[in-house]
Amino acid sequence: MKYTISLIIIVFFTSNMIFCQERINAEELKFNKSSDTIYKAKGWVYDNIKEKWISHDNFLSNEENNYSSGILESHIDQNFIFFHSKMLSINEKNYFVLFVKKYEGHYTYPSIRQDWNIEQKNYAYIFDENEFNKLKSSDSLIELSSTTIVAFNEKISDNELINLIRLELGKKPYLVYTFPVKSTVSSGINFKRFYLPSTSKSKNICRTCRKKITFVNGKWLDLSEPKKNKQAECYSFSHKVDDYYEKYNGLTITYNMFVSGIYDFKYAYFEILDSEFLKIFPKN
């Protein structure tokens with residue numbers, strides 16, 4: 001009996017100690033370095049039909065008509081409003097985070113392609129430190145690779161954004177985003193040519209169903225579900241939209257911009273002075 005009473009008393013006090021432990025929030029995370037912001041770069045595209053180069057500020061297109069801000073850009077993946085970078089440490093590992101604000105759009109009625117809606121989106125592309133150090137290389141062509149991207153509302157705090165990044169870093173990657181940069185000299189002046197981070201269809205992964213796919217004779221085929229020795233068509237909406245964008249752009253070089261996942265700088269690129277490109281490096 002005495003043993004039972006003693007045991008009850010021990011359990012009671014132990015339980016109280018557990019529930020009375022102090023509540024401690026996780027340490028607030030912060031970016032430790034930031035770069036200046038790049039607001040402008042000339043986008044150049046060579047039109048094979050017109051046989052001339054066409055330029056626009058901050059997006060790649062061979063369209064010569066002038067639209068109000070955002071209308072044409074929202075149909076094109078390679079566009080930006082501004083971009084900059086920050087450095088981040090998570091679990092004693094350093095990361096280079098490239099922030100890009102850009103135009104995107106969608107149809108209210110996609111089946112009949114009516115009522116196009118324009119919006120501004122914010123993305124963070126996360127590169128590990130080894131990838132970032134490639135930018136310091138003297139090689140003429142550099143390609144940074146990332147498997148982590150975060151879409152975010154610019155009104156959230158740095159701590160909330162970093163937590164989103166940390167969660168994404170813990171997930172299994174399924175796409176590779178490439179950030180290619182090429183050094184060149186024109187009329188004795190040093191320039192950087194580049195594309196914003198992007199992934200091509202050659203990666204063969206459906207963004208929606210995340211299955212292996214391929215593009216054959218105008219259709220996306222699902223490689224994971226063979227049917228009578230033929231692949232079933234993948235009906236993910238995003239594929240149809242991507243295909244339409246390419247037709248809308250009218251770029252005869254659209255499919256030539258990627259060669260086995262590597263960008264081709266012969267026909268289209270952003271161009272900026274070396275001195276301006278240096279703004280992308282985070283400072284203390």
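The model is predicted, so local features need pLDDT of at least 70 and side-chain atom pairs count only at pLDDT 80 or more, while totals for chains, interfaces and linings use all residues. Residues are numbered from 1 along each chain as its sequence is written, and side-chain values use heavy atoms, with hydrogens and water left out.

The protein chain holds five helices and 16 strands. Helices (H or I, at least four residues) and strands (E, at least two) are DSSP runs, numbered from the N terminus. Of the 284 residues in the protein chain, 39% are buried. Here buried means under 20% relative accessible area, exposed means over 50%, and partly exposed lies in between (1.4 Å probe, protein chains only). The protein chain exposes about 17,500 Å², and carbon and sulfur atoms supply 50% of that area; accessible areas come from the Shrake-Rupley method with a 1.4 Å probe, and for residues only the protein chains shown count as cover. A contact means heavy atoms within 4.5 Å. Among contacts between residues at least 6 apart in sequence, 59% join residues at least 24 apart.

The sheet comes next. Strands of a sheet pair through backbone hydrogen bonds, either parallel or antiparallel. In this structure six strands form an open sheet, in the order S3-S2-S16-S10-S9-S7, with antiparallel pairing. Two strands count as paired if DSSP finds at least two bridges between them. At the edges are strand S3 (52–57) and strand S7 (141–146), each of which pairs on one side only. From one strand to the next, the twist averages 30°; axes are lines fitted to C-alpha atoms, for helices over the stretch in contact, and angles run from 0 to 180 degrees between N-to-C directions. Within the sheet, strand S9 (residues 177–186) and strand S10 (residues 189–194) pair in the antiparallel sense over six bridges. Val 181 stands opposite Phe 194 in S10.

Strand S10 also contains Arg 193. This arginine counts as buried because its relative accessible area is 17%. Its side chain makes a polar contact with the side chain of Glu 271 (2.9 Å). A polar contact is a pair of N or O atoms within 3.5 Å; within protein, one must be able to donate a hydrogen and the other to accept it, and residues adjacent in sequence count only if both atoms are side-chain atoms. Leaving aside neighbours within four places in sequence, the residues in contact with Arg 193 include Val 181, Phe 265, Tyr 269 and Glu 271.

Side chains of opposite charge can pair when their charged atoms come close. A salt bridge is a side-chain nitrogen of Lys or Arg within 4 Å of a carboxyl oxygen of Asp or Glu, and by this rule there are 14 salt bridges. One of them joins Asp 57 and Lys 40 (3.6 Å, N to O). Asp 57 lies in strand S3 and Lys 40 in the loop between strand S1 (33–34) and strand S2 (42–47), so this pair ties together parts that are 17 residues apart in sequence. Asp 57 is partly exposed at 34% relative accessibility, whereas Lys 40 is exposed at 54%. Lys 40, Lys 42 and Asp 57 are linked in a network of salt bridges.

Another salt bridge joins Lys 101 and Glu 154 (3.3 Å, N to O). Lys 101 is buried, with a relative accessible area of 11%, and Glu 154 is partly exposed at 47%.
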